[in-house]
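Thanks for coming. I will take a few minutes to walk through one structure, starting with its charged pairs and ending with its pocket.

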Amino acid sequence: MKSYFDINGDGGSNVVGQVVAKREQIARSLAGVKHMLAIGSGKGGVGKSTLTMQLAHALRAAGATVGILDADLNGPSQARLAGLGATPLLPGREGLVMPRTASGIGVVSMGLIVPESKSLDFESFAEGDSFVWRATKEFTLLGDFLAGVAWGELDYLLVDLPPGAERTVQYAEFLGSQTAVVLVTIPSDLSRGVVSRSIAALRKAPNRLLGYIENMSGYACSGCRSIRPLFPHSTAIDLGIPCLGEVPFDPDLAAACDRGEALPEDAAGMAWQAIRGVADRVHSTVEGS
């Protein structure tokens, strides 16, 4: 029996050729995308996925064409946030056709394929030790989405990343230097501390870091028309990158997200107005680059 070290080169599998071909296919598929923007955090539970969808709605309301790729393959939420349920990904002439929300936002998510009551499983001949090979399988699947979907002409493709400081930089590198990154935190020192680790990791990557969004920056009280404190204000940790905006927690917005609805474009809610402000700053930042 030959050992791993007895194999010459790639063993005849032409791995390098396969990788080059896949990258070329991804580049062709994304040729019509003007801006790719990865939304990450490093810290779970900060509302990153919700902000991704609402940012998409705000950009769409401003006239942009927008798509979302849910890169959180194990905990996808964009299908629910979009109100698309189990809408199938159907084949078209140039690739899989993106399901779209009522407002025209394209969404690709494992949540369209795998029900919420099921986990994402990969077939394998190996028993156990999934930590060895699962990440490779996940990035292969993500590459299949990037290469196989008919993204078409988009002003923005927002990529909702999974949590984890190390995952943020891994996905940024996989998506390539043309993908800019926005991080999401909440006003707690714990969250800002973890996000600062993501920032440190991303400084070694070729991607442009646009800044961060501070989510749940207070509680939007609709009855008193004011923003009440939700977390103790602290300046102990300076993230050292631009703040793109502060978005208060809004129960009406949270309920709308659970129902897969967007707030009306003319909504006067404080959270929605803050999100539109973030969208304006993101647009001016990427267009001015």
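**Salt bridges, a buried aspartate and a pocket**

Start with E287, which is partly exposed at 35% relative accessibility; that term covers the range between buried, under 20% relative accessible area, and exposed, over 50%, using a 1.4 Å probe and protein chains only. Before going on, this is a predicted model, where local features need pLDDT of at least 70, side-chain atom pairs count only at pLDDT 80 or more, and totals for chains, interfaces and linings use all residues. Residues are numbered from 1 along each chain as its sequence is written, and side-chain values use heavy atoms, with hydrogens and water left out.

E287 forms a salt bridge with K34, at 3.3 Å from N to O. A salt bridge here is a side-chain nitrogen of Lys or Arg within 4 Å of a carboxyl oxygen of Asp or Glu. K34 sits in strand β1 (residues 33-40) and E287 in helix α8 (residues 270-287), so this pair ties together parts 253 residues apart in sequence. Helices (H or I, at least four residues) and strands (E, at least two) are DSSP runs, numbered from the N terminus.

By that rule there are eight salt bridges. Another of them joins K48 and D160, at 2.8 Å from N to O. K48 is in helix α2 (residues 48-61) and D160 in strand β6 (residues 154-160), 112 residues apart. Both K48 and D160 are buried. R134, E138 and R167 are linked in a network of salt bridges.

Now, which side chain of opposite charge is nearest to D72? It is K48, 5.0 Å away, and D72 is buried without a salt bridge; for charge, Lys and Arg count as positive and Asp and Glu as negative, while His and the chain ends are not counted. D72 lies in the loop between β2 (66-70) and α3 (78-82).

Last, the largest pocket, with about 520 Å³ of space. Of its 17 lining residues, V19, K22, R23, I26 and F174 are the closest to the centre. Elements giving two or more residues to this lining are α1 (15-29), α4 (130-148) and α5 (165-175), and α1 gives the most, with seven. A pocket is an open set of points on a 1 Å grid over the protein atoms alone where a 1.4 Å probe fits, with protein on both sides within 12 Å along at least five of seven lines; lining residues have an atom within 4 Å of a point. Grid points are joined across faces, edges and corners, and the volume is the space filled by probe spheres set on the points.
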